[in-house]
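Q: Hi! I've got a new model open and I'd like to go through it with you.
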Amino acid sequence: MSNFYFDVHMHLDLYKDTEKIVNQILNYKSYTIAVTNLPYLYDRAINKFGEQRYIRFALGLHPELIEQFPEQIPHFFERLGHCRYIGEIGLDFGKSNYNSKMLQMNTFEKIIKTCDDFENKILSVHSRKAEKEVIDIIGADFNGKIILHWYSGNMTELSRAIRNNYYFSINGDMLASKKGRDIVNEIPLERILIESDAPFTKDTRESYNIMYIDNLISKLSNLKNVDKHKMSNILKGNFSKLLK
């Protein structure tokens with residue numbers, strides 16, 4: 001069993017049994033970044049749970065929801081100065097979101113510029129079918145930390161993101177596909193973080209269990225051919241650097 005647990009991207013507020021999950025996270029001392037999809041959901045989570053020792057809520061504005069909830073955009077920027085953790089944000093150019101492409105781009109550019117000015121933000125970024133644009137907008141000199149969550153783009157953009165010193169959060173579904181494993185194999189060990197993206201991954205749909213993280217570390221150590229204890233220590237070091 002790994003003795004250090006963390007999860008940099010999960011959606012606590014999308015579960016029904018949140019109290020049980022919070023207790024589990026606290027019992028295992030699992031450092032958790034609970035992302036949200038809209039500012040009012042962030043407010044609701046903060047009001048319900050407050051700040052827990054092992055849970056940090058991230059202020060989000062999901063690209064798939066931005067066209068449906070444009071009134072949430074100003075609320076996001078009102079709160080931005082008070083939040084260190086930002087996510088889920090980004091771009092999504094999948095078919096169902098293509099019409100909102102310009103709104104997404106303009107909003108994401110403004111988020112990156114504003115966060116860059118603050119210097120200490122940690123961003124969890126969605127980039128489905130928009131990897132090039134996401135990397136173009138963030139650039140190579142962002143004044144904060146970037147985590148590309150569930151990266152699924154091509155190797156050219158992956159190389160650019162690695163050169164730009166972004167982190168990548170890896171989940172079990174990524175390791176279940178050949179493309180996902182090929183991507184993870186290209187990512188340097190010191191750039192890897194782990195996430196569940198619960199409840200959007202196969203093993204977290206029904207319930208959230210910390211053992212998911214333990215299994216993920218095992219699979220990652222097998223793929224990277226690194227002893228599990230050593231892998232756990234590498235991930236712990238990466239997580240510590242992320243927070244510095």
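Q: Leaving aside its neighbours within four places in sequence, which residues is Thr107 in contact with?
A: Thr107 is in contact with Leu61, Ile66, Ile73 and Phe77, where contact means heavy atoms within 4.5 Å. Keep in mind that this is a predicted model, in which local features need pLDDT of at least 70, side-chain atom pairs count only at pLDDT 80 or more, and totals for chains, interfaces and linings use all residues. Residues are numbered from 1 along each chain as its sequence is written, and side-chain values use heavy atoms, with hydrogens and water left out.

Q: Got it. Where does Thr107 lie?
A: In helix α4, residues 101–118. Helices (H or I, at least four residues) and strands (E, at least two) are DSSP runs, numbered from the N terminus.

Q: And is Thr107 buried or exposed?
A: Thr107 is buried, because its relative accessible area is 7%. Buried means under 20%, exposed over 50%, and partly exposed in between, with a 1.4 Å probe and protein chains only.

Q: New topic: which residues of helix α1 are buried?
A: In α1, residues 18–28, the buried ones are Thr18, Ile21, Val22, Gln24 and Ile25. Looking down the axis of α1, these residues fall within an arc of 160°, so they line one face of the helix. The arc is that of the directions from the helix axis to the C-beta atoms.

Q: What's exposed on the other side of α1?
A: Glu19, Lys20 and Asn27 are exposed there.

Q: What covers the buried residues of α1?
A: The cover includes β1 (6–10), β2 (31–34), α2 (39–49) and β3 (55–57).

Q: Strands now. How many residues of β4 are buried?
A: Six of the six, residues 85–90, so β4 is largely enclosed by the rest of the structure.

Q: In what sense do β4 and β5 pair?
A: In the parallel sense: β4 and β5 (residues 122–126) pair over four bridges. Two strands pair if DSSP finds at least two bridges between them.

Q: Which residue of β5 is the bridge partner of Ile89?
A: That partner is Val125.
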